[in-house]
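Colleague: I would like to go through this model feature by feature. Please give the general idea of each, then the case at hand.

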Amino acid sequence: MAADTLLERITDYANRPDPYPLYAELREAGVARQTDGSYLVGTYHEIAALLHDPRISSDLRNRTAGDRALSDEEQSRPFIRLDDPEHQRLRSLAMRPFGPPHSPGRIDAMRDGIARITEELIEALGDRKRLDVVEDFAYPLPVTVICRLLGVPREDEPAFRAWSDALVDSADFRPREDPTERQRTGAQARAEMGRYLMDLAEQRRGHPSDDMLSAFVNEPDPARRLTREELTVTAVLLLVAGHETTVNLIASGVLTLLRHPDQLDRLRREPGLLPNAVEELLRYEPPVQMRERTPLADVDVAGTTIPKGASLVLALASGMRDRRRFRDPERFDPARPDNQHLAFGSGVHICYGAPLARIEAQIALGALIPRLGTARLVQDPPAYRRNAMLRGPRHLPIEL
Ligand code: HEM
């Protein structure tokens, strides 16, 4: 049997708790060509340059080489999967009710509400001595926040959690698995979630409330109105992106702090360090480990020509441990200066929700840190989610 390729080893579930030695191997190899014809890049400067290179497409329909079939996620067209100018048009329409320049105070105004949800989750723990940080805290917080923002009833969470699970599962990298069944389930989940969100938007047509679905469906200017199809895929993207990532940041954050009691202590004494600590957590345990692209022309990367149409995997998590960019990169340093990480990507597709994710993580960890005094991890490493691209604990049991 042929030796496993690096991508197969990185995405192998057995390596999910600690993929970092494999990323070190990848940086050593430079650009790694995989047996399926895809290319893997893991060094910071090369990844950053590729994220800004207009010859590198996010639209995977441009892929012509390699034998990996397009997943359902890859065939649908939310703006994360489109190139400019179409990407820019849809991103700016989706941004209007979310952030600057049209809604500059929107996310900042959510701080008090996020702090209240956080307090309620903590109060609900009562005097329990054991909790699952994921189920009791890291998952419900971003879900409640994105539901409020979009205008999705929180009580429908069990339905959209199942759809979202199927959807991100269908988009994951599993080079050795036949993706057919995952793609079928993913397509069905996407269609159901899309119908559900479109129904909610329709209910608000002519009866707007202060949520993003209302804003999209009641846009008065026809030139700025999303079509039905655009509204559906954008709403699915926001609901999924808004709750599948921040959960990993908060859960991996608690895990990292409990593994570094000296730094946890320091943050208890110096709460002003928290925003910087969140940036370091994003670098050190990034919730989005890799992104996929396709070159529109042959492109030279560190002496290797990546052919037009190839599958190109950018291992963001590896780039953020590159010693050519970060001093002592394997060290978790909440006071790290000059931390220009790639956890939210870079270039035209840079994360739309980053300001919200930062506020959620700062409030969540700020509320938890004083309560983690004598806490200990029940299981280390914890059980991880299956997903290799969206990496984070599935459960994180701790004892207080
Ligand atoms: C810790 C939390 C988060 C992380 C680590 C994260 C990470 C990322 C990354 C790496 C990208 C770039 C994708 C690419 O270049 O292909 C991205 C894009 C995006 N993110 Fe986030 N994200 C987070 C939270 C959120 C939230 C809360 C939302 C929604 C409110 C969101 C919505 C989006 C959207 C819509 C895009 C596509 C942007 C575009 O294509 O122009 N993200 N995110």
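This is a predicted model: local features need pLDDT of at least 70, side-chain atom pairs count only at pLDDT 80 or more; totals for chains, interfaces and linings use all residues.

Colleague: Which donor does the protein give to the iron atom of the ligand?

Modeller: Donors are N, O and S atoms within 2.8 Å of the metal (3.2 Å for Na, K and Ca); water is not among the atoms, so sites may look incomplete. Here the iron atom has a single protein donor, SG of C351, at 2.3 Å. C351 sits in the loop between helix 16 (316-319) and helix 17 (354-368). Helices (H or I, at least four residues) and strands (E, at least two) are DSSP runs, numbered from the N terminus.

Colleague: How many residues surround the ligand, and which are the closest?

Modeller: A residue counts as near if one of its heavy atoms lies within 4 Å of the molecule or strand. The ligand is surrounded by 27 residues, with H87, R91, R293, H349 and C351 the closest. A side-chain N or O atom of H87 is 2.6 Å from a ligand oxygen atom; for R91 such a distance is 2.7 Å, and for H349 it is 2.6 Å. Helix 5 (86-95), helix 12 (228-244), helix 13 (246-259) and strand 5 (291-295) each give two or more residues to the shell. Helix 12 has the largest share, four residues.

Colleague: Which residues touch the most other members of the largest nonpolar core?

Modeller: A nonpolar core is a set of buried Ala, Val, Leu, Ile, Met, Phe, Trp, Tyr and Cys residues joined through side-chain atoms within 4.5 Å. Buried means under 20% relative accessible area (1.4 Å probe, protein chains only). The largest core has 111 residues, and V41, V152, F160, M193, L197, L231 and I398 touch the most other members. Helix 17 contributes the most, ten residues. A second, separate core has 17 residues, among them I10, Y23, L40 and V313.

Colleague: In what order do the three strands of the open sheet lie?

Modeller: Strands of a sheet pair through backbone hydrogen bonds, either parallel or antiparallel. Two strands pair if DSSP finds at least two bridges between them. The order here is 4-10-9, with antiparallel pairing. Strand 4 (130-132) and strand 9 (376-377) are at the edges with a single partner strand each, so one side of each has no neighbour in the sheet. Strand 4 is joined to strand 10 (residues 397-399) by three bridges, and L131 stands opposite I398.

Terms used
Residues are numbered from 1 along each chain as its sequence is written. Side-chain values use heavy atoms; hydrogens and water are left out. Buried means under 20% relative accessible area, exposed over 50%, partly exposed in between (1.4 Å probe, protein chains only). A polar contact is a pair of N or O atoms within 3.5 Å; within protein, one must be able to donate a hydrogen and the other to accept it, and residues adjacent in sequence count only if both atoms are side-chain atoms.
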